[in-house]
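Please look at the model below before reading on. The report that follows takes up side-chain contacts, one kind under each heading.

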Amino acid sequence: PIFPTFPNFSPLFPSSPGSQLPCFHGSSTIRHLKERFHMNLTEEQLQLLVEQMVDGSMRSITTKLYDGFQYLTNGIM
C-alpha cells in the first residue's frame, strides 16, 4: 500500500457526535479521509493523479491570483 502507516494515525481523527469539531461529526469521517488520500490507487495511478493536480493548479487563474496575493501581503512567491 502507498500509505502503510495510515492505520497508525487514523485514530487521531475521532469520529464522534460529541466532538467539539464539526468536521468530526458523523460516521463518514474516516471514509472521507481515506478517499482524500486516494488509498485505493496504485503508486503509478497516484503519481499520475498528483501530476494532473499540479498541472491543473499551475494552469489555474485562482492559483495565480493567490500567489499574487501572497507576494503582495507576505513577500512569498
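**An aromatic pair**

Phe69 has a relative accessible area of 47%, and is therefore partly exposed, in what is a predicted model. Tyr66, at 49% relative accessibility, also counts as partly exposed, because that class covers values between 20% and 50%. Both residues belong to helix H4, which spans residues 61-74, and they stand 3 residues apart, or about one turn of the helix.

A pair of aromatic rings is described by the distance of the centres and the angle of the planes. The count of aromatic pairs in this model comes to 1.

**A salt bridge**

Side chains of opposite charge can pair when their charged atoms come close. The count of salt bridges here is 1, and the side chains that meet in it are those of Arg59 and Asp55, with 2.9 Å from N to O. This distance of 2.9 Å falls within the 4 Å cut-off that a salt bridge requires.

Arg59 and Asp55 are 4 residues apart in helix H3, residues 43-59, so about one helical turn separates them.

How values were computed
Residues numbered from 1 in each chain as written. Predicted model: local features only at pLDDT ≥ 70, side-chain atom pairs only at ≥ 80, totals over all residues. Heavy atoms only, no water. Helix = DSSP H or I, 4+ residues; strand = E, 2+ residues; numbered from the N terminus. Phe/Tyr/Trp six-rings, centres within 6.5 Å; stacked < 30°, edge-to-face > 60°. Buried < 20%, exposed > 50% of the residue type's maximum accessible area, 1.4 Å probe, protein only.
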